[in-house]
Amino acid sequence: YATRTTPPQHEHTDFVDSSEGMVHDRIWTFGAGAVPATATGPGPHRVVYTTPGLKTVKLRVHGPDSLVLQQYIEVKRKPDANLMLNGPNPVCEGSPVALIGSDTGNRKPTQWSWLKNQLPMNGITDSILRYGFPRLADSGVYAVVMRVDGCGDTSQSINLRVWPKPRAGFTVDRVSACLNGNRFRFTDTSKIVRGSIPNLRWYFGDSSTAVIVAPTHSYRWHGN
């Protein structure tokens, strides 16, 4: 008998002889795609099938009489889970991003589940994991688990990194001045919850720009 009569492809099943009476020899033939293809003795014999489909397993026993026993088992094709990211990585906090699971064999999975940092994500059973407004806590290593006809597979992992969004701000030493000899000093007060802001650019409203932290600027024309 076989311990699993519908094993998934690339997973093992064990065969054991349950014949009764005086048996001298046993010769097993496990069918197409079996590794190993044949065996002798009562078993158990652990067999892995590299191809899906219906398999014909034969056991020839020799004793006072010879007898060939035949059994069929069905090897189910194992799904091939794939995971892709729809969006940038790293992604800025608040920018939409989605993780999409699929079967490279174009089969229709009957069940989906998700892992984050190798732990189950409860309550998520769709093939798409959407973050409309990702937060810093959403950073992590993700994988999707899919099942088809009782056979499962886990995708490769994607390390999603969510970067904190800076909060821009500045101060100016005055809000008005005479056109003749005007000079304004600006100071950057932008903040970020983690890390640092590597670069910035000022726009003064007259097509002039600057890239230093505390620039000064003089205007050639009056107005707001």
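Trainee: What classes of residue make up the lining of the largest pocket?

Mentor: The lining of the largest pocket has nine nonpolar, six polar and one charged residues, where Asp, Glu, Lys and Arg count as charged, Ala, Val, Leu, Ile, Met, Phe, Trp, Tyr, Cys and Pro as nonpolar, and the others, Gly among them, as polar. Bear in mind that the model is predicted, so local features need pLDDT of at least 70 and side-chain atom pairs 80 or more, while totals for chains, interfaces and linings use all residues. Residues are numbered from 1 along each chain, and side-chain values use heavy atoms, without hydrogens or water.

Trainee: How much space lies in there?

Mentor: About 330 Å³ of space lies in the largest pocket. Among its 16 lining residues, Phe-184, Tyr-219, Trp-221, Gly-223 and Asn-224 are the closest to the pocket's centre. A pocket is an open set of points on a 1 Å grid where a 1.4 Å probe fits, with protein on both sides within 12 Å along at least five of seven lines, and lining residues have an atom within 4 Å of a point; the volume is the space filled by probe spheres on those points.

Trainee: Switching to rings, how many aromatic pairs are there?

Mentor: The count is ten aromatic pairs, with centres within 6.5 Å, and planes under 30 degrees apart called stacked, over 60 edge-to-face and the rest tilted. One of them is Phe-15 with Trp-28, a tilted pair at 6.2 Å centre to centre and 55° between the planes.

Trainee: Which parts does that pair tie together?

Mentor: Phe-15 lies in strand E1 (residues 12–15) and Trp-28 in strand E2 (residues 25–29), so the pair ties together parts that are 13 residues apart in sequence; strands are DSSP runs of E, at least two residues long, numbered from the N terminus.

Trainee: Are those two buried or exposed?

Mentor: Phe-15 is buried at 1% relative accessible area, and Trp-28 is buried at 3%, where buried means under 20%, exposed over 50% and partly exposed in between, with a 1.4 Å probe and protein chains only. Another tilted pair is Phe-186 with Phe-204, whose ring centres lie 5.2 Å apart with planes at 45°.

Trainee: Where do Phe-186 and Phe-204 sit?

Mentor: Phe-186 is in strand E19 (residues 184–188), whereas Phe-204 is in the loop between strand E20 (202–203) and strand E21 (209–210), so this pair too links distant parts of the chain, 18 residues apart. Phe-186 counts as buried at 9% relative accessibility, and Phe-204 is buried with a relative accessible area of 9%.

Notes. Phe/Tyr/Trp six-rings, centres within 6.5 Å; stacked < 30°, edge-to-face > 60°. Helix = DSSP H or I, 4+ residues; strand = E, 2+ residues; numbered from the N terminus.
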